[in-house]
Amino acid sequence: MLKKLFSSAFLLMLSTLIAKGFILILNILIARYTSKDVYGTFVFLRSTINLFETTFSSAVNPFAVKESSKESFSRVSVLAYGVFYAFTALIISTLCLLLWSSSSFLGSLSSFDFLTLQIVLTVVILISLTLLNGYATSVYIGKGIYKVIFFSTVISIVLSAAFIFNTYEDITVEIALFYMLIYQLTDLAIKACNVLINHMHVLKNIKYDVLFQKTKGVFNTIKPVILGSAINAFIFWFVRYITANSENGFVALAEFDVSFQMFMICSILLNIICNIVLRNLTKLHESGSNVKQLLVYALRYMFLSCLLFIAIGYFLYDYFLLLYGEQYTANLFLEVTLICLFYSIALAFNRVMVVMNKTYQLFYVALTSAVVMGIYILAVTASAESLAISFSVYYLTSCVVYLYIFSQIGLSND
């Protein structure tokens with residue numbers, strides 16, 4: 001069974017590894033060819049983009065995968081998620097531009113004088129493309145169409161690599177963001193073209209009043225979850241913001257991020273496995289499996305996958321640090337390992353909740369974990385180590401709250 005699961009996920013895992021490798025190369029280039037302060041600046045901007053991407057990848061994407069993977073899926077329901085993504089991207093972009101334009105009056109961004117109009121526009125466009133790309137990928141995953149994801153990733157990386165090869169020695173924050181823009185735009189364009197060429201029937205004869213109602217239904221369904229995930233994403237950004245504003249803050253942020261990239265690789269791989277698990281959980285739930293069976297299934301595969309990735313990371317960690325240069329010496333392997341372990345368990349609990357439509361419970365988990373993480377980071381001295389520990393605190397709290405909720409639901413009841 002495990003072999004079948006990994007076989008199904010191979011192309012998806014490979015394409016994600018290639019995409020993550022692209023970001024990793026960007027990190028390495030900017031770390032090697034610039035200072036820690038400049039790399040820390042890039043980390044902060046990237047985390048701002050991830051603030052919104054994380055919100056959707058953990059809140060909305062699983063529901064889009066679930067809806068697409070149903071045997072009798074509704075194309076209007078699937079498209080409703082796309083409308084919701086596009087509308088949200090528009091609102092976020094508008095709010096970001098308004099915040100930046102008003103910062104001279106409010107003073108809210110006065111400590112970040114590197115935020116030029118060019119950087120802000122690039123970040124705003126990247127946020128929109130990332131959200132829409134997440135939707136397209138979720139639908140393809142739900143339908144089990146992994147080849148399109150793989151080929152779009154490869155083509156996008158090749159095109160981006162051509163630009164990198166000619167300009168990497170003069171890399172700056174602006175150039176690194178431009179590389180990301182090329183990748184996201186190409187990747188989304190290829191996925192969209194595939195839909196227009198091979199799946200145009202999905203877009204035909206759509207009643208827009210029905211689509212509008214379905215979009216409202218999507219919002220009502222995921223409202224608690226997206227609010228909880230927004231709290232998650234904000235606290236993840238906030239702890240970095242606190243660190244960036246401390247003495248030598250961008251240096252500490254850079255030291256933390258180098259080790260944290262190992263967790264990011266692990267989390268992406270775990271999410272790939274988890275999306276495949278989610279498809280199977282949906283089918284198990286529809287066939288009448290109880291909560292205990294769903295939990296055992298999800299926890300088994302997520303825990304085994306996590307142990308495998310941690311074992312690989314143990315042997316590669318020192319070499320991984322060397323990629324960034326000799327100036328990065330902070331060893332945070334133990335902290336990163338704990339983050340991975342707690343994250344994998346929390347992810348399994350999360351997906352069972354998604355299948356059971358326990359949306360308000362997901363909000364309570366996110367809120368409690370965010371509060372505990374915020375209290376911790378404000379109580380300690382900001383550093384790379386304390387920042388890493390704060391993520392362990394977050395996911396450990398999530399696991400505890402999930403266990404409490406499932407004990408209240410009752411393992412024998414659905």
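The protein chain exposes about 18500 Å², of which carbon and sulfur atoms supply 68%; accessible areas come from the Shrake-Rupley method with a 1.4 Å probe, and for residues only the protein chains shown count as cover. The model is predicted: local features need pLDDT of at least 70 and side-chain atom pairs count only at pLDDT 80 or more, while totals for chains, interfaces and linings use all residues. Residues are numbered from 1 along each chain as its sequence is written, and side-chain values use heavy atoms, with hydrogens and water left out.

The protein chain has 13 helices and zero strands, where helices (H or I, at least four residues) and strands (E, at least two) are DSSP runs numbered from the N terminus. Of its 414 residues, 55% count as buried, that is, under 20% relative accessible area, with exposed meaning over 50% and partly exposed in between (1.4 Å probe, protein chains only). With contact defined as heavy atoms within 4.5 Å, residues 24 or more positions apart account for 84% of the contacts with a separation of 6 or more.

The largest nonpolar core holds 128 residues, and Tyr39, Leu177, Tyr324, Phe391, Tyr395 and Phe406 touch the most other members. Helix 9 (residues 249-286) contributes the largest share of this core, 19 residues. Such a core is a set of buried Ala, Val, Leu, Ile, Met, Phe, Trp, Tyr and Cys residues joined through side-chain atoms within 4.5 Å. Leaving aside neighbours within four places in sequence, Leu177 is in contact with Phe42, Leu45, Ile49, Ile119, Thr122, Val123 and Leu126.

Ser160 lies in helix 6 (residues 146-167) and is buried, with a relative accessible area of 0%. A polar atom of its side chain lies 2.9 Å from the backbone oxygen of Ser156. Residues up to four places away in sequence not counted, Ser160 touches Phe22, Tyr179, Ile182 and Tyr183.

Leu341, in helix 11 (residues 333-355), counts as partly exposed because its relative accessibility is 24%. Beyond residues up to four places away in sequence, Leu341 touches Phe303, Cys306 and Ile310. Leu341 and Cys266 are 75 residues apart in sequence and 10.0 Å apart in space, C-alpha to C-alpha.

On the surface, Leu308, Ile312, Tyr314, Phe315, Leu316, Tyr319 and Leu322 form a nonpolar patch with about 810 Å² of accessible area together. Patches are made of residues with over 30% relative accessible area and no salt bridge, like charges being joined within 9 Å and nonpolar side chains (Val, Leu, Ile, Met, Phe, Trp, Tyr) within 5 Å; a salt bridge is a side-chain nitrogen of Lys or Arg within 4 Å of a carboxyl oxygen of Asp or Glu. Leu308 is located in helix 10 (residues 291-324) and is partly exposed, at 42% relative accessible area.

Key:
A polar contact is a pair of N or O atoms within 3.5 Å; within protein, one must be able to donate a hydrogen and the other to accept it, and residues adjacent in sequence count only if both atoms are side-chain atoms.
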